[in-house]
Amino acid sequence: MSVAFSETGRAEFERLLTRYPDRKAVILPALHLAQKEFGYVSDEAIVYIAGLVGTSPADIEGVASFYTMYNRKPVGKYHVQICRNISCSLLGAEHLIEHVTGKLGVNPGGTTPDGKFTLSQVECLGSCGTAPVMQVNDEYHENLTVESIDRILDQLP
Amino acid sequence: METVLTTHFANERYRRLETYRQYGGYEALKKAFAMDPGQIIDEVKKANLRGRGGAGFPAGVKWGFLPKDLSRPRALVVNADEGEPGTFKDRLIMTRGPHLLIEGIVISSFALRAYACWIYIRGEFVREARIMDEAIAEAYAAGLLGKNILGSGFDLDVTVHRGAGAYICGEETSLINSLEGKRGWPRLKPPFPASVGAFGLPTIVNNVETIADIPWIVTHGGETFAALGVEKNGGTRLIGVSGAVNRPGVYELSAGVNLKEIIYHHAGGIKDGKALKAVIPGGSSTPVLRPDEINVAYDIESMGKIGTMAGSGGVIVIPEGTCMVRALSVLMNFYAHESCGQCTPCREGTGWLKRIVGRIEAGKGRKGDVELILDLCDNMMGRTICPLSEAAVMPAQSFIWKFREEFDRHIGEQKCPYGNRF
Ligand SMILES: Cc1cc2nc3c(=O)[nH]c(=O)nc-3n(C[C@H](O)[C@H](O)[C@H](O)COP(=O)(O)O)c2cc1C
Ligand code: SF4
Ligand code: FES
């Protein structure tokens, strides 16, 4: 099944091309755009971007696989990413991860059977002064407690 | 104390161009346009401005490395990757004072004669990237970016480029590869970015905070900036304090402020009335300190004298009752995960460090494991393309040197005395 950017996505791609002296520089932003539009970076998306950029799918694949933010497989509607690095660990991140693991019934890396949540442990999110921290899709949630995590996750539609 | 960056950060509207200008924003740019580019670089040299990204290289000296001939276009790249665990200061600048960064970029680009600037921002910072994009759009609309800025004849384009989750991309040559749409593998130096950088162009890479200091330096002069700090480390620093303190956060303080004062005065002391056990003073890669070592000035030279670094300004405070083996294990997992794998000593070494520290923490440490770690560390130093390998070694060695008895106890008792918890 082939994929293609929406009209606005396509316009954004064209705009990106004007921002760099080299066409290949749009690969990272194009992969972000693909993930936003298609939900994850599928093999079809890789072929599509390769065509737009004018390089091989293997080239795009090699780049995409280097970076942790590009999901090469579908993830849940909400990607819950809890920081496990030092400042968050000092303030209870391990306990929060255990709590969410129990609450959602999935281990880090897993997705709930209804496809609503994917749970991941991630490295420092650059928000250590408001630890513990998690990112759900694009959004940061800071100064977390068990209660606030419950509230945040329970409120997601 | 006089502040350079955070003076108006409490005002939410400061991120808007109109408010920024009400506070005198973009006046430094007008002043800079009336100066000769060489004069601006001289002021930056006089300012003793040391790079705020971690290595502390003098900014003015770096700027002087660009080749003299002007036939090739030049680029400025701003490092907004903010990946070093314990560091969260550039985010504050970008969300509270995006125009401070943009004004710094225009002045720096004019001084360096760069035709374009890319801000490489970590991919997770979606909100921060959006705020920067909005501020950049305001600046274009007001003629502060684009063609013939403020009638000066100087043109500049600025673009936000989002990373995608890789700590190594904070290293400047990895960052350049990533900007070019490649895997973020660090490059062998030389050539240095100043001669062959982004898209093959002579390129200067500087941290967000370094560039955001430039407008103030132009307004008040390099010497005035220098006087805010200490002899070889001018100005203020944004110091991020995290971990077990009563008031975690970013504090703008003189570059020579006392470390103990940062923790006990500014950050309000140790949480829950506990005692202090250890401090990682400048981001996760910097050698750990014991409580009896923190009565020290935080400037680059003073920290160097006691065998550690002010690094990226991230002070991580570890309270009594913390298992140092577990803390090191968290860090070793991180470096093993983030090694790009190009160099054998780093790829294999970070993997071994993770496994050995992990097994000690799990109560399965073997006699000789501590010596094995120290041996591995020796073999990981100075043999790699980039400093990530050393960034893993510094915590490993210093944790063992300063908290050796905890490692021995884990191995001796074949269990974690702290019950495998933080
Ligand atoms: C593994 C590694 C990660 C780094 N991460 C960052 C970072 O996130 N932000 C940053 O500004 N510098 C980082 N640096 C330092 C950069 O390589 C470079 O020295 C810096 O951006 C130069 O700017 P400055 O002189 O203004 O500090 C990192 C270095 C290494 C080796
Ligand atoms: S030292 Fe490590 S991170 Fe740096 S280039 Fe070599 S393998 Fe990659
Ligand atoms: S350690 Fe969790 S945000 Fe930095």
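Two strands are taken to pair if DSSP finds at least two bridges between them, strands being DSSP runs of E with at least two residues and helices runs of H or I with at least four, numbered from the N terminus. The model is predicted, with local features needing pLDDT of at least 70 and side-chain atom pairs counting only at pLDDT 80 or more. Residues are numbered from 1 along each chain as its sequence is written.

**Sheet of chain B**

Four strands of chain B form an open sheet in the order S3-S2-S1-S4, with parallel pairing. Its edge strands, each pairing on one side only, are listed below.

| Edge strand | Residues |
|---|---|
| S3 (chain B) | 157-162 |
| S4 (chain B) | 203-207 |

On average, neighbouring strands of this sheet are turned by 20° against each other, direction ignored. Strand S2 (residues 114-121) of chain B pairs with S3(B) in the parallel sense over six bridges. B:Tyr120 stands opposite B:His161 in S3(B). Helix H7 (residues 126-141) of chain B lies across S2 and S3 of chain B and runs at about 170° to S3(B); angles run from 0 to 180 degrees between N-to-C directions, and axes are lines fitted to C-alpha atoms, for helices over the stretch in contact.

**Helix pair of chain B**

Helices H15 (residues 344-361) and H16 (residues 369-380) of chain B pack with their axes 10 Å apart, at an angle of about 160°. H15(B) is therefore roughly antiparallel to H16(B), a term applied to angles over 145 degrees. The residues of this contact (heavy atoms within 4.5 Å) include B:Trp352 and B:Ile356 in H15(B) and B:Leu372 and B:Leu376 in H16(B).

Notes
Chains lettered and ligands numbered in written order. Heavy atoms only, no water. Parallel < 35°, antiparallel > 145°, perpendicular 65-115°, else oblique.
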